[in-house]
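Welcome, and please open the structure in your viewer.

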Amino acid sequence: MGKILRIVSVLAVVALAATLLAGCGGGDKKPAAEQKAEKKVIRVSIGLNEASPEYKGLEKWKELVAKESNGRLEVQIFSSAQLGDDIKTMTALRAGTLEMSGPSSSPIATIDKKWMVFDLPFLFANEKVVDAVLDGPFGQKMLDSLSSHGLVGLMYMENGYRQVTNSKREIKTPDDIKGLKIRTMENPVHLAAWRKLGANPTPMPFSEVFNAMQQKTIDGQENPNTTNFLQKFHEVQKYTTISNHVYTPFVIMYSKKLWDTLPKEDQALLLKTGKEASKWQREYNRKVDAEALEGLSKAGMTVTKLTPEQTKAFQDATKDIAAQFEGDIGKDVIAEVRAEIAKVK
Ligand code: TK8
């Protein structure tokens, strides 16, 4: 009897000790060193495929993050809208069910209208202006402003100047656009601009564009050469015009809900490596844009480069757009970006 009691009490002490040990070793309250060693997966969703410069840029970032964190932080890239298109993934980020996404700036306008500033036709005259504005205080302020919408803007990547393609005819003048069914991004400025040019615009998520062109429910669309070539749009489009009508960046963003759970050092690591990856990706994109255009031409597309006079006709036709959207974007925001642009010259 006495023996059994002794065994029971020994067992009780062992059980208590085990509970205490588990209490300090497990659960949320792990010692800092142990927490640091834990592997973390960061999923990032994009709409473009694995050949895209956006994917390559994120792959570069993935490498930098792995190296700097000694393999502790792992970026996993999901391409071709497997996890959803731009608008859907931003909703997931805001809900905290997905870590990251790299949408175009244009669909961000469905969350905050001031992002339409980047949609204004012919806003950025050249890449020097692009770099100065995006890397300067204006670009940073735009990224920072996302935090009031449950998003953390980490960095920009380049999509590039957008060019119009279609299956019907060569486009040299705004007149040639009359009546064409053009897919646009889901953004009011793009809709208004294409309406001004006489097109019949239809907004649609990116992942539906190829099929819509193949089934001829639309005649054309507009995207940078890299996208037009690497997504094989030449298989369903005949003409491309180098119109450079708008430059809309990719915004690589994190769910604020999930970002706020990261240790400060990890946040700093992601931001620092992000800067480097963003710079690398922009250079890479600029290298491959010309190759992509050549690819389109070799694949049989008719390539039309607008002369400065021809470009001016498109600029004139869309010049009231900024005034039309002044209320939505904010006069101050438009004035601010213009002041930054004026500094570049
Ligand atoms: C991909 C899109 C795409 C954009 C578009 O998710 O929708 O046309 O240019 O790159 O963000």
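## A tour of the spaces inside

Begin with helix H7, residues 188-196, which gives four residues to the lining of the second largest cavity, the most of any contributor. Keep in mind as you look around that this is a predicted model.

Next, select Pro121, Ala193, Trp194, Leu197 and His245: of the 15 residues that line the second largest cavity, these lie nearest its centre. Colour the lining by class and you will find ten nonpolar residues, four polar and one charged.

How many cavities of 30 Å³ or more does a search of the whole structure find? The count is three. The largest cavity has a volume of about 190 Å³. To centre your view on the largest cavity, pick Asp86, Ser104, Arg183, Met185 and Phe206, the closest to its centre among 18 lining residues. That lining is made up of eight nonpolar, five polar and five charged residues.

Which space does the ligand take? It takes the largest cavity.

- Asn223, at 2.6 Å from a ligand oxygen
- Ser104, at 2.7 Å from a ligand oxygen
- Asn159, at 3.0 Å from a ligand oxygen

Then try a surface on the ligand: taken alone, the ligand exposes 300 Å², and the protein buries 98% of that.

For the last stop, move to the largest pocket, which holds about 490 Å³ of space. Select Asp135, Gln140, Leu154, Met155 and Lys275, which lie nearest the pocket's centre out of 24 lining residues. Where does the lining come from? At least two residues each are supplied by helix H5 (127-135), helix H6 (137-145), strand E4 (151-157), helix H10 (256-259) and helix H11 (264-298). Highlight H11 in its own colour, as it provides the largest share of this lining, seven residues. Colouring the pocket lining by class gives nine nonpolar, five polar and ten charged residues.

Terms used. Residues numbered from 1 in each chain as written. Predicted model: local features only at pLDDT ≥ 70, side-chain atom pairs only at ≥ 80, totals over all residues. Heavy atoms only, no water. Polar contact = N/O pair within 3.5 Å; in protein donor to acceptor, adjacent residues only side chain to side chain. Areas by Shrake-Rupley, 256 points an atom, 1.4 Å probe, with all protein chains shown as cover. 1 Å grid on protein atoms, 1.4 Å probe; cavity = no way out; pocket = protein on both sides within 12 Å on 5 of 7 lines; lining within 4 Å. Sits in = over half its atoms within 2 Å of the grid points. Points joined across faces, edges and corners; volume = space filled by probe spheres on them. Nonpolar A, V, L, I, M, F, W, Y, C, P; charged D, E, K, R; others polar.
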